[in-house]
2 protein chains.
Amino acid sequence: MAEYKNQFQQLILDLKTNYIPSVSIDFVIFGFHDGQLKVLLLRWKGTDEWSLPGGRIRHEEDLQAAAYRSLNERTGLSEIFLQQFHTFGDVVRYINFSQQETLAKLGLPEDLASEVMGRDVSVGYYALVEFANVIPSPDFFTEECRWWDIDQIPPLLFDHNSMVTLALKTLRRQLSYQPIGYKLLPDKFTMPDLQQLYETILGQSLDRRNFQKRMLGYGILERLEERKTGGAHKAPYLYRFDKEKYQQALADETLFVG
Amino acid sequence: MAEYKNQFQQLILDLKTNYIPSVSIDFVIFGFHDGQLKVLLLRWKGTDEWSLPGGRIRHEEDLQAAAYRSLNERTGLSEIFLQQFHTFGDVVRYINFSQQETLAKLGLPEDLASEVMGRDVSVGYYALVEFANVIPSPDFFTEECRWWDIDQIPPLLFDHNSMVTLALKTLRRQLSYQPIGYKLLPDKFTMPDLQQLYETILGQSLDRRNFQKRMLGYGILERLEERKTGGAHKAPYLYRFDKEKYQQALADETLFVG
DNA sequence: TCAAAAGTGTTTAGCATACACCCATGC
DNA sequence: GCATGGGTGTATGCTAAACACTTTTGA
């Protein structure tokens with residue numbers, strides 16, 4: 001326990017020295033697997049309390065760079081779809097009952113705890129990652145890091161439940177005017193693969209033919225000669241993103257639903 | 001000059017005591033007047049450098065409350081349309097040439113200046129206000145506060161030009177799925193009034209008949225018996241927002257263009 | 001009486017939706 | 001050969017866009 005307290009003091013020193021105060025980052029990391037949308041959560045040491053992964057910003061580090069770095073530390077991924085969606089700054093989000101209880105369970109001395117648990121403004125990012133590639137790793141305060149089904153998320157610490165809700169809402173809206181899929185699907189993928197990604201995110205099924213028409217209409221897909229063999233049924237065509245046009249579409253989103 | 005330096009030290013003390021560090025707020029305040037869209041800018045003391053108005057967050061103050069308070073201090077307005085649009089956190093935005101020049105012109109001792117000019121993460125808000133009601137007042141660093149035509153904005157300090165650009169882009173998009181106009185137009189207004197507001201924001205003209213159909217289709221307008229007299233031409237009907245339905249529409253934005 | 005603004009309705013086109021049949025493959 | 005999934009085109013409806021004439025009013 002003295003060991004733990006010592007580590008904790010080290011952490012505080014590191015935070016004070018290398019990171020800017022009052023600002024944190026929180027992540028809603030969406031994972032896509034098996035037709036299910038999942039969110040990565042952390043369980044706090046010695047408790048049953050879960051929260052979103054987070055991070056802080058170093059001096060001389062850009063906000064976005066801090067976001068990518070933190071996300072990499074938590075998931076091992078480096079090339080990801082990452083999007084800022086809202087900045088949360090309510091004071092009350094830090095003064096809820098469960099958090100005080102949690103602090104007690106963590107066994108942190110109150111004077112030390114208040115040093116890292118002060119009131120922050122938090123920049124919310126959501127990420128879309130390939131489920132299978134993630135190597136989740138907990139941070140100092142937490143001991144477990146795992147995926148939760150989007151519709152089975154427990155009550156979270158702080159205001160993290162509303163963060164998840166808003167992130168999902170933003171992601172779904174974004175889907176209607178921005179292309180999504182690059183770095184989330186393998187280089188070559190089939191139309192049903194892409195459709196399943198969309199259906200998973202939207203939480204509803206879509207018409208195959210209309211979906212295909214819409215996607216091809218965007219003009220960012222390139223159909224290959226190859227087909228995907230080995231499946232149990234008719235071999236579907238493989239597609240690839242036309243990276244140039246994909247980036248173009250990301251840039252001037254007006255191409256999609258003006 | 002000693003007086004000034006003294007005031008400045010007072011300011012630093014106030015900032016350190018009452019406000020959280022590392023986070024600031026910047027405002028893109030859009031004013032609507034005479035078929036022109038304008039932005040409120042501040043000129044820094046003794047210089048020709050302009051910037052957006054800003055603010056900081058008190059301890060124990062919600063982010064949004066801080067935004068409303070700061071905006072009120074700068075414009076005198078309290079009931080306004082205020083919307084968070086992005087959080088800016090690049091480091092370089094603080095190390096550009098013109099700013100160092102500006103500091104020199106301000107005549108601030110470098111060691112003191114660095115205390116308030118450190119690297120911040122800034123939450124961007126845009127506001128829509130009724131031009132005529134605003135009483136612009138500069139802050140400690142600035143001596144002039146006035147409206148600029150949206151297409152004649154000079155090069156601004158920091159990354160404020162890109163803030164304006166993004167704010168405008170966000171506002172225009174928002175216009176397609178949220179109602180706008182309440183607290184911006186007088187209680188009773190005509191359809192051409194409302195249309196001019198939209199045209200001003202979008203920077204393009206719209207078809208009268210289609211516009212009217214769309215607005216009435218939203219079901220948030222109530223047509224009054226009265227007409228607006230005194231104009232030089234045919235008297236237009238007056239309308240009023242159905243406040244209940246207006247708020248409803250703001251809440252579930254899905255009513256508009258899903 | 002003329003110019004300028006406001007009221008109003010219909011036609012058209014484009015896009016999203018709904019929908020059904022044939023083909024390939026593994027079991 | 002059959003079940004499963006994948007490939008493809010057309011008909012329909014709704015919403016947005018285009019468009020013109022009449023009315024009111026003050027000058």
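Colleague: What makes the meeting of the side chains of A:K38 and A:D149 a salt bridge?

Modeller: A salt bridge is a side-chain nitrogen of Lys or Arg within 4 Å of a carboxyl oxygen of Asp or Glu. For A:K38 and A:D149 the N to O distance is 2.7 Å, so the pair meets that rule. This is a predicted model, in which local features need pLDDT of at least 70 and side-chain atom pairs pLDDT 80 or more, whereas totals for chains, interfaces and linings use all residues; side-chain values use heavy atoms, without hydrogens and water. Residues are numbered from 1 along each chain as its sequence is written, with chains lettered from A and ligands numbered from 1 in the order in which they are written.

Colleague: Which parts does the A:K38 and A:D149 pair tie together?

Modeller: A:K38 is in strand 2 (residues 36-44) of chain A and A:D149 in strand 7 (residues 142-149) of chain A, so the linked parts are 111 residues apart in sequence. Strands (E, at least two) and helices (H or I, at least four residues) are DSSP runs numbered from the N terminus. Over all chains, the rule gives 24 salt bridges.

Colleague: How many salt bridges does the rule find across the interface of chain B and chain A?

Modeller: The rule finds 0 there. It does find 12 residue pairs in polar contact, both at pLDDT 80 or more. A polar contact is a pair of N or O atoms within 3.5 Å; within protein, one must be able to donate a hydrogen and the other to accept it, and residues adjacent in sequence count only if both atoms are side-chain atoms.

Colleague: How do you know that the copies meet through the same surface?

Modeller: Contact means heavy atoms within 4.5 Å, and it takes 26 residues from chain B and 27 residues from chain A. Of the interface residues of chain B, 100% are also interface residues in chain A, so the surface is the same.

Colleague: What rotation superposes chain B on chain A?

Modeller: A rotation of 179° with 0.0 Å of shift along its axis, at RMSD 0.2 Å. The two copies are thus related as by a two-fold rotation axis.

Colleague: Why do strand 9 and strand 10 of chain A count as paired?

Modeller: Two strands pair if DSSP finds at least two bridges between them. Strand 9 and strand 10 (residues 237-241) of chain A have 4 bridges, in the antiparallel sense, so they qualify.

How values were computed:
Copies are superposed by least squares on the C-alpha atoms of residues with pLDDT of at least 70 in both.
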